[in-house]
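Have the sequence and model open alongside.

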Amino acid sequence: MGTALAGGSLLAASLPPWPRPTGAWPLGLVGAALLFVSIAGRTGRQRMACGMVAGVGLYLPALWWMRDFSLPGYLVVTLMEAAILAAGLALVPMTGAGAGWRRVVAFPAALVVVEAFRGTWPYGGLPISGIDLGQLSGPLAPAARIGGRLLLVALVGVGGVALASVALRRWRVALAGGAVVVVVAGLGVVASDGSATGQLDVAVVQGGGPRGVRAVSRDPAPVVQRHVDATAGVRLPVDLILWPEGVVDVEAEVATTAEGRTLAALADSLDATLVAGVVQAEPGDRFRNSAVPWGPDGALGTRYDKVHRVPFGEYIPARGFFERLGDVSAVPRDALIGRGPAILDTPAGRLGVVISYEVFYPDRARDAVRSGGRVLLVPTNASSYRNAQIPAQEVAAARLRAVETGRWVVQAAPTGYSAVIDHRGNVLSLSGLGGAEVLQAEVDLRSGRTLAVSLGSTPWTVAASVALVVSTVRLRRRRPTMVRRRRLRPTAVRRS
């Protein structure tokens with residue numbers, strides 16, 4: 001149990017921002033190795049118990065951000081996520097004849113299945129704080145352009161098995177695992193990631209302001225004004241100006257409001273496309289979270305509505321149940337679910353867009369690229385969080401989406417982190433937390449598809465699931481059968 005807890009805790013420590021702002025990738029491999037050792041030779045129930053303890057060690061600190069919204073929700077979700085990990089590890093064959101090589105395959109496969117399942121359940125999935133986010137500053141990151149986040153998770157599992165095998169002096173397993181990691185990561189380095197077809201002059205506006213302020217208690221007018229003031233620092237000429245998520249909060253259709261007219265006039269005066277995050281009230285105590293473009297002539301374009309909502313942040317799942325457990329007044333209304341491709345058609349070009357929490361979902365970024373997006377915009381808003389955990393993990397997720405898609409990523413946040421990231425996941429510009437800043441850069445417009453975009457996540461999920469099932473089935477078939485043998489008693493020999 002102690003080894004399992006240490007393994008889960010090290011996996012959590014590999015994630016940004018603690019102990020390092022960009023993540024401590026070696027700790028992820030060591031954590032996976034300890035997790036593998038903790039379940040070696042254990043029964044199914046013991047593996048499940050170790051997985052539960054490891055899950056608590058991983059998700060209790062990794063999901064710490066959630067307690068800012070709902071303490072009961074944070075505790076419930078932590079236990080649910082730990083249970084998913086426990087169930088996955090219980091399927092890894094660790095005892096019986098012939099378990100050696102099969103468990104080597106089954107362990108990373110189980111981690112992939114766990115992460116794939118977490119990405120869809122509960123509440124539409126919770127891919128945030130996945131162990132893949134700890135590897136963006138390490139040598140495994142290029143593999144993401146082949147298989148996305150799930151291939152990174154698999155490599156963490158294989159690397160963990162290899163490290164554990166070194167400690168246990170199982171040299172063949174260690175060499176084989178190490179070779180797989182090196183070869184796959186090397187293929188990621190040389191894999192195609194598209195080509196540049198042009199450039200776009202982009203300005204990212206961060207208005208600044210206090211952190212740890214919940215949306216329900218803030219006055220939206222000063223937020224808009226801070227971003228108007230910060231936009232005055234944009235150097236001209238510029239093609240595209242990106243404002244963060246939710247900095248414009250209106251009670252009616254934005255085009256009819258004073259805020260909408262202000263943004264239209266601003267885009268017109270700067271002769272640039274302006275994309276801003278707009279929260280718009282809707283009937284039935286609901287709201288719409290959108291990215292809205294204004295053209296250089298001030299004309300309003302077609303909006304993109306956020307698809308993946310933040311549980312306990314933008315809506316309360318099973319609201320009646322959680323209202324009995326604690327105070328959920330910080331989220332008094334629920335966001336509507338968006339529809340349609342993750343694209344904005346603007347005078348600046350066809351732009352991919354994923355709003356805030358959606359940056360943790362590779363399917364939204366893939367949809368943007370498949371729909372013709374040549375750059376990815378990430379308007380986000382992490383001002384409700386008191387610490388740097390979510391802002392840092394959002395940057396890590398944006399870096400991962402850049403590698404997966406072969407697209408530059410431009411992220412804007414009202415209180416940070418705002419960032420400009422190239423198609424290889426390198427952070428070229430990064431703002432601080434809290435203050436007003438403007439980031440400007442020439443961003444490459446790119447075309448083409450990586451293997452991760454072309455294949456998606458399904459083949460990797462299916463392959464891992466099959467590997468996990470086959471390892472268990474074949475293990476059972478190879479169990480030796482017990483044959484009873486009659487004991488022969490010595491007989492007396494007569495001598496004549």
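Three residues from α5 (99-118) make that helix the top contributor to the lining of the second largest cavity. This is a predicted model, where local features need pLDDT of at least 70, side-chain atom pairs count only at pLDDT 80 or more, and totals for chains, interfaces and linings use all residues. Residues are numbered from 1 along each chain as its sequence is written, and side-chain values use heavy atoms, with hydrogens and water left out.

- On a 1 Å grid over the protein atoms alone, a cavity is a set of points where a 1.4 Å probe fits but cannot get out; a pocket is an open set with protein on both sides within 12 Å along at least five of seven lines; lining residues have an atom within 4 Å of a point.
- Grid points are joined across faces, edges and corners, and a volume is the space filled by probe spheres set on the points.
- Helices are DSSP runs (H or I, at least four residues), numbered from the N terminus.
- Ala, Val, Leu, Ile, Met, Phe, Trp, Tyr, Cys and Pro count as nonpolar, Asp, Glu, Lys and Arg as charged, and the others, Gly among them, as polar.

**Cavities**

- The count comes to two cavities of 30 Å³ or more.
- The second largest cavity has a volume of about 70 Å³, and its lining is made of L11, L35, L58, Y59, L85, L111, V114, E115 and I131.
- Both α3 (44-62) and α5 give two or more residues to that lining, which splits into eight nonpolar, no polar and one charged.
- The largest cavity comes in at about 90 Å³; it has 13 lining residues, with G148, R366, E404, A452 and S457 closest to its centre.
- For the largest cavity, α6 gives the most to the lining, with four residues, and the class tally is five nonpolar, five polar and three charged.

**Second largest pocket**

- About 360 Å³ of space sits in this pocket, and V105, P108, A109, A154 and V158 lie nearest its centre among 19 lining residues.
- α5 supplies the largest share of this lining, six residues.
- By class, the lining has 18 nonpolar, one polar and no charged residues.

- Two packed helices are described by the angle between their axes and the distance between the axes.
- Axes are lines fitted to C-alpha atoms, for helices over the stretch in contact, and angles run from 0 to 180 degrees between N-to-C directions.
- The axes of α6 (144-167) and α7 (171-190) come within 8 Å and cross at roughly 155°, so the two are roughly antiparallel (angles over 145 degrees).
- The contact of α6 with α7 has 15 nonpolar, five polar and one charged residues.
- α2 (residues 25-39) packs on α6 at an angle of about 65°, with the axes 7 Å apart, so α2 and α6 are roughly perpendicular (65 to 115 degrees).
- The crossing of α2 and α6 is right-handed.
- In α2, G28, L29, V30, A32, A33, F36 and V37 meet L155, V156, G159, G160, V161, L163 and A164 of α6; by class that contact has 11 nonpolar, three polar and no charged residues.

How values were computed
Parallel < 35°, antiparallel > 145°, perpendicular 65-115°, else oblique. Left-handed = near helix turned anticlockwise from the far one by under 90°. Contact = heavy atoms within 4.5 Å.
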